[in-house]
Amino acid sequence: MQGSISQGWKLWIKKAHEQRLNNYVKISVAAKPELKMDQSIDFDILICGGGMAGASLALALAPQGWKIGIVEAVEPSSNLQPSYDDRSIALAQASANLFRNINLWPQLEPHCQPIRSIHVSDKGRFGVTRIQPQSIGLDALGYVIEVRPLGQVLHQKIAQTDNIHLICPAKLASLQQNKNSCQIAIETSDGVHQLSSKLLIAADGALSPVRRLLGLNHDQSDYDQSAIIANVTTEIAHAGRAFERFTDSGPLAMLPLTENRCSLVWCVKKHQLEQHMALDDQQFAEQLQQRFGWRLGRIEKAGQRSHYPLLQMRVPQQIKDRVMLIGNAAHAVHPVAGQGLNLGLRDVAELVESLSGLTSQQDPVLDGRLTEYQKWRNADQRKILLATHSLVTLFSNQSNLLGHLRGASLAGMDLWQPVKKMLARQATGLAGRLPSLIQERS
């Protein structure tokens, strides 16, 4: 169903956009030659948005030698003290492979907590499924990392890469396309500048200004849920175990973090949100204990809470002439199964594969390189959106008969090794077509 993004979602995205780069530690590296902001600057590739998807794409494309520009609206600010309540994300094994293959893993790995198993349960039902990486010959299904060190590593590397130019703070003012190039006007502190490139990539988030200027429609479903985010500490060490627990208000995930902490993503009905956010830390921990159970013993500490509304969104037309959308500008999914950023990083991997081998003298649009990209990304995105939507819908139905069937299914999957192996591959992002950038290399 086509629709506009809800007001609550808009407000949350705006706040997150304003604060996003506050999660990056101040960069201290040797300066590279400063980009001279003449009235007009030509690039081979322009990326609007310097968040995780945009920064990862720039670094993945850089070895091909193109002149790459990143236009980012929010200037990185100093925030040197790590806090207990940093946001965290789950990187599937395929996403970790991407960072290995662009030589960032040595800097990221010390901040990562490997996921050694996934425990899936349905509150009030008997069945559980346990997924282990050993079934597919791996040591981990993925990794959980806080946003702060990930952003630090990405932007330090960008600052050290001569053919990537970060233009920040800069606001997109206009966009035009012709047969041979795409031109944008940006507003900076010293005036308006014109930038041009053969290809413009929008990685500028769910409220994408590029998407708005292009007039691209999007399909959207509102789940009538909000996700509460917090870091918690438990009595029993998590030992790398991740928990996905389905409840009558929505899924609840406890992801393992370093220092025996867990990253909580608790989905609740929108009408329950205010009540949960009003609880003090002790009351919140008690409510969480009641929903999650005692698999990690007593919940000893709950950090500061934040929340955001949940919806599913996808832009049917993600390429328009010389402009394409990736990441949250192109799609948003429910956090169940932790597919959001991983889906965006697969956009990155597929795009790099599609553009591989082109020189700066060649035109990726006229060369037809985006046709295969669109084909493969459409299939993967639709598969993930269908899978996550089906999980939320199935486990939100409180029919007793359906509940018993879910419990029996979880128990059956736990015993059926071929199914567990398939689930493990899905969890790692290693099922189906694999662009070379997310394949494991010897």
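## Overview

The secondary structure of the protein comes to twelve helices and 20 strands, where helices (H or I, at least four residues) and strands (E, at least two) are DSSP runs numbered from the N terminus. This is a predicted model, in which local features need pLDDT of at least 70 and side-chain atom pairs count only at pLDDT 80 or more, while totals for chains, interfaces and linings use all residues. Residues are numbered from 1 along each chain as its sequence is written, and side-chain values use heavy atoms, with hydrogens and water left out.

Of the 442 residues of the protein, 55% count as buried, a term that stands for under 20% relative accessible area (1.4 Å probe, protein chains only). Among the contacts (heavy atoms within 4.5 Å) with a separation of 6 or more, 76% are between residues 24 or more positions apart.

## The sheet around E7

Three strands form an open, antiparallel sheet in the order E3-E7-E4, where two strands pair if DSSP finds at least two bridges between them. E3 and E4 are the edge strands, each pairing on one side only, and neighbouring strands of this sheet are turned by 25° against each other on average, direction ignored. The pairings of E7 (residues 142–146) are set out below.

| Strand joined to E7 | Bridges | Direction |
|---|---|---|
| E3 (residues 88–92) | five bridges | antiparallel |
| E4 (residues 112–115) | four bridges | antiparallel |

## The contact of H3 with H9

Helix H3 (residues 93–101) and helix H9 (residues 340–355) pack at an angle of about 45° with their axes 9 Å apart, the axes being lines fitted to C-alpha atoms over the stretch in contact, and angles running from 0 to 180 degrees between N-to-C directions. H3 and H9 are therefore oblique to each other, since angles under 35 degrees count as roughly parallel, over 145 as roughly antiparallel, 65 to 115 as roughly perpendicular and the rest as oblique. The contact is made by Ser95, Leu98 and Phe99 of H3 together with Asn342, Leu345, Val348 and Ala349 of H9.

Methods. Buried means under 20% relative accessible area, exposed over 50%, partly exposed in between (1.4 Å probe, protein chains only).
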